[in-house]
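Let's take a friendly walk through this structure, one piece at a time. Have the viewer open and follow along.

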Amino acid sequence: MTDSRAGIDCDQCGTCCKVFGDSISPTIENVYQWLTNDRLDILRHFSACFANGTWKKCSELKVDELGDIITVEMRDPDTGTLVSACPFLSRVSKTRYLCSIHMAKPEMCDNYKPWIWGETYLRRCRTIREQERKTTWQDENIN
Ligand code: SF4
Ligand code: SF4
């Protein structure tokens with residue numbers, strides 16, 4: 001979920017977060033920022049894998065361990081198993097969803113643009129569907 005990109009505003013339907021939210025992988029810079037800002041509420045939802053194959057909850061990491069991490073995955077904080085939905089997606093009305101960590105969300109969420117054809121295009125994005133509807137309406141009324 002994004003807010004505004006290249007003049008295109010997110011309609012907050014939550015679809016992209018529902019589709020991709022179970023496999024969010026933060027950067028090491030994201031983890032560093034969360035550690036130094038005591039964001040245990042975020043860190044507890046991720047686990048880190050080290051070069052030697054061992055795993056550790058991100059909430060238990062030390063800053064000097066970050067250089068040995070090869071990947072970070074979203075994991076259930078209690079069981080350590082993979083999750084089926086992003087825990088940060090918050091439903092605020094019948095058709096509107098918000099990211100509860102919007103100002104500190106992972107870089108891949110911040111950069112996501114569902115309207116980039118051939119790369120990250122998501123046909124179900126409500127913003128895209130609304131733009132297509134307007135374009136069709138304009139075409140029909142110009143011709
Ligand atoms: S962290 Fe926020 S933006 Fe990213 S998938 Fe979850 S709810 Fe969506
Ligand atoms: S699918 Fe599109 S409109 Fe819906 S939350 Fe994602 S970017 Fe926003």
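## An exposed loop residue

Let's begin with Asp-38, which is exposed because there are 9 other C-beta atoms within 10 Å, and a residue counts as exposed at 12 or fewer. Keep in mind that this is a predicted model. To find Asp-38, look in the loop between helix H2 (28–36) and helix H3 (40–43). Its backbone is worth a look too: phi of Asp-38 is near 55°, a positive value in a residue other than glycine.

You will find Gln-12 in the loop between strand S2 (8–9) and H1. Is Gln-12 buried or partly exposed? Gln-12 counts as partly exposed, because it has 19 C-beta neighbours inside 10 Å, while a buried residue needs 20 or more.

## Around ligand 2

Ligand 2 is surrounded by 14 residues, and the closest are Cys-10, Cys-13, Thr-15, Cys-16 and Cys-125. Two helices, H1 (15–20) and H5 (126–142), each contribute at least two residues to this shell. Sorted by class, the shell holds seven nonpolar, five polar and two charged residues.

## The whole chain

Stepping back, the protein chain has five helices and seven strands. Their order along the sequence is β-β-α-α-α-β-β-β-β-β-α-α. The C-alpha atoms fill a box of roughly 65 × 30 × 25 Å along the principal axes.

Of the 143 residues, 22% count as buried. Among contacts with a separation of 6 or more, 57% come from residues 24 or more positions apart.

Conventions. Residues numbered from 1 in each chain as written. Chains lettered and ligands numbered in written order. Predicted model: local features only at pLDDT ≥ 70, side-chain atom pairs only at ≥ 80, totals over all residues. Near = placed C-beta within 6 Å. Helix = DSSP H or I, 4+ residues; strand = E, 2+ residues; numbered from the N terminus. Nonpolar A, V, L, I, M, F, W, Y, C, P; charged D, E, K, R; others polar. Contact = placed C-beta atoms within 7 Å.
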